[in-house]
Amino acid sequence: MADSPPQIGFLLPLNDKFEEDTSKPQLPIFQGPNFVGRSCIPVADKRLSRKHLTVTASGDDGSADVVDGSNPIVVWSHDQRKKILSRERGRINHGDIIELIPGHYFFKYVTLATEKKSSSPNKEKRTLKESSELCEDEVQCVKRKRQVSDDEALARNLQSELYDDSLAQDNSSEGIRHFNVANKKLASTFRLLRVKGLPTWANTSSVSIGDVIQGNPLIAVLSNYMVDIDWLISACPTLKKVPHVLVIHGESDGTLVHMERNKPANWILHKPPLPISYGTHHSKAMLLVYPRGVRIIVHTANLIYVDWNNKNQGLWMQDFPWKDQNSSSSGCGFESDLIDYLSTLKWPGFTVNLPALGNFNINSSFFKKFDYSSAMVRLIASVPGYHKGPNLKKWGHMKLRTILQECIFDKKFHKSPLVYQFSSLGSLDEKWMSELASSMSSGVSTDKVPLGLGEPLIIWPTVEDVRCSLEGYAAGNAIPSPLKNVEKDFLKKYWAKWKASHTGRCRAMPHIKTFTRYQGQDIAWFLLTSSNLSKAAWGALQKNNSQLMIRSYELGVLFMPSLIKPGCEFSCTDNVNSSQDKDSKPSGSSDAKRTKFVTLAWHGSKNTDSSSEVIPLPVPYELPPKPYSSEDVPWSWERRYHKKDVHGQIWPRHVQLYTSQDS
């Protein structure tokens, strides 16, 4: 019989405090391939497969290659956290920690060779417990050295919080308290989602999922990245009554299997094609067809509990009537945007019978049957592909550039600053940042002079923001941020703080994504979108700027100066006049008003300019953004944080882990 391969090391089970867990066995690692999973770990958790992970150990230096199965794992090495996706390969060394399920089942890799080297020939080998105690002593030493500066930082934070509390007593600082928009103007602005744990005033005019999926929809098309069907149906019982539901999603593996098993019989699941690697279907929207028309909703929340309850999110919606079949009116920009985007999703068409309306094939062309002439926004979408020729300007940042080039802005926005605010940071470089800034700086002023390049700031939560947030470190799960992306030197000049006192949302971490150009509290344009700051979402120019490469599906709504249009008051669910907003002038009339966008902190008079209609936008963060101080550290989920959060936890201790593509 052949000799057994030599043992190289072992996997030491740890608890969630990174201490040895004696209730679980050590797993020996032999030279060559080793299978780690439910076959050798006594747990009933079916997320852990029998051969969850392959560890191939080398006898040379004790290091090992790890290859993941169908679910992601996480490897901690030198205090850096790296997620290894399905079928990817990584390397581990002595002392590295593996999370078999992100946030669960911690194992420390210990090599026998290293243990022997660390032993004295005249002394007994130090036990693992002693090693652990020494490691803890070293950590405590570092903590003591940092204690003074930590205490000073805490004092400053407390002073800041006291200052925020004093502001909260002053109604003028609670801008969102006064955000009450008439129905006829709702389509011209957006709303924030309701957040649990905030004071009542901070949720003024905010919405929940039941506020937007209401009435008697005949068809629901739900587009998203992450979908929890169990939560969705419980949170929105109206969906149980919808005869036809199409869910366009970005899920895979075990989650998709669960969705298939648990979806209602009348629901159809569809994942759009992803022709370029590392792309995802990330668009977040709803299309609800009613007997009276269609409701279009574009928002920033995944269809999961934490996104609709714990985080900063934004949502826009507008209702549109069925077209008059006798009308000869042609389509509009919004209709072209919508149909072009829907046609790329390639969902399986299905036939439905709508009472009193007839039989319809539900595909992208079906949505041409509605009158979008009253649309108050334009859609900015991204779809995967190598876009050139006439398609170069249809998607991503080139679509935004094209629309802004057609806009005329007030002269005050000449060289005015830009803001990029999002929840996932891609791998960026200065060349691409200049490319994006060029698109976002497009447009001319009233004297036909180009607005000129704007200086951007990136609003991104600091480590302290996350630690002190409503969710504590758990909020960092939804702010994917590899260390190699966050720590690029050129980004330091862009960092700005997440500050949201006027909306009461300083401690609700942002999952909302917004891009804007502003001057003071006046907004030139504003984009609410699913796009994070990444080439995958916005696209990158190639081949001497003749081709735009995009990996992912994204969708956003652009608020820009335009004439107030009739019909904005139409509702699919309320009995209001569906023909025309009586207070609005036809778009061709000489005294028609143009929209003027402002933040909730704007203090001007709405009556000073008779040619403008002032539209408040509930921008959740404060303008101008405050740049980071020398003590601020941008959040990265790959660092280890020993300072306890508001719930007494350290990092990592994950409740639910978003993938790096989410946003």
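Reply: Happy to! Keep in mind that this is a predicted model. Let's start with H511: is that residue buried or exposed? H511 has 0% relative accessibility, so it counts as buried.

Me: What does UniProt list as "active site"?

Reply: The unreviewed UniProt entry lists H282 and H511 under that name. They are spread over 230 residues of sequence, yet they cluster in space, with a largest C-alpha distance of 12.9 Å.

Me: OK, so where do I look for H282?

Reply: Look in the loop between β14 (267-270) and β15 (285-289). H282 counts as buried because its relative accessibility is 0%.

Me: Back to β27 for a moment. How many of its residues are buried?

Reply: 5 of the 6 residues of β27 are buried, so the strand is largely enclosed by the rest of the structure.

Me: Which strands does β27 pair with?

Reply: Strand β23 (residues 418-421) is joined to β27 by 4 bridges, and the two run antiparallel. β28 is also antiparallel to β27, with 6 bridges joining them.

Me: What happens between β27 and β28?

Reply: They form a hairpin with 2 residues between them. In the turn, G520 has a positive phi of about 65°.

Me: New topic: aromatics! How many aromatic pairs are there?

Reply: The whole structure has 28 of them. One is F190 with F526: the ring centres are 5.2 Å apart and the planes are at 10°, so this pair is stacked.

Me: Which parts of the chain does that pair tie together?

Reply: F190 lies in the loop between α2 (128-168) and β11 (191-192), while F526 is in strand β28 (residues 522-529), so the pair ties together parts that are 336 residues apart in sequence. Both F190 and F526 are buried.

Me: What about W460 and W495: how are their rings arranged?

Reply: Their planes are at 40° and their centres 6.4 Å apart, so that pair is tilted. W460 is in the loop between β25 (456-459) and α10 (463-467), W495 is in strand β26, and the pair links these distant parts of the chain, 35 residues apart. Both W460 and W495 are buried.

Me: Which residues form an aromatic cluster?

Reply: W322, W347, F360, F366, F367 and F370 form one.

Me: And what sits over the ring of W76?

Reply: The charged end of R640 does, 5.1 Å from the ring centre.

Me: Last one: what is the strand order in the open sheet with β30?

Reply: The order is β21-β30-β29, with antiparallel pairing. β21 (385-388) and β29 (540-542) are the edge strands, each pairing on one side only. From one strand to the next, the twist averages 30°. Between β29 and β30 (residues 547-550) there are 3 bridges, and L541 stands opposite L548 in β30.

Key:
Residues are numbered from 1 along each chain as its sequence is written. This is a predicted model: local features need pLDDT of at least 70, side-chain atom pairs count only at pLDDT 80 or more; totals for chains, interfaces and linings use all residues. Side-chain values use heavy atoms; hydrogens and water are left out. UniProt positions are given in the numbering used here, feature names are shortened, and annotations may be inferred rather than shown by experiment. Buried means under 20% relative accessible area, exposed over 50%, partly exposed in between (1.4 Å probe, protein chains only). Rings of Phe, Tyr and Trp (its six-membered ring) pair if their centres lie within 6.5 Å; planes under 30 degrees apart count as stacked, over 60 as edge-to-face and the rest as tilted. A charge sits over a ring if NZ of Lys or CZ of Arg is within 6 Å of the ring centre and within 35 degrees of the ring normal. Two strands pair if DSSP finds at least two bridges between them. Axes are lines fitted to C-alpha atoms, for helices over the stretch in contact, and angles run from 0 to 180 degrees between N-to-C directions.
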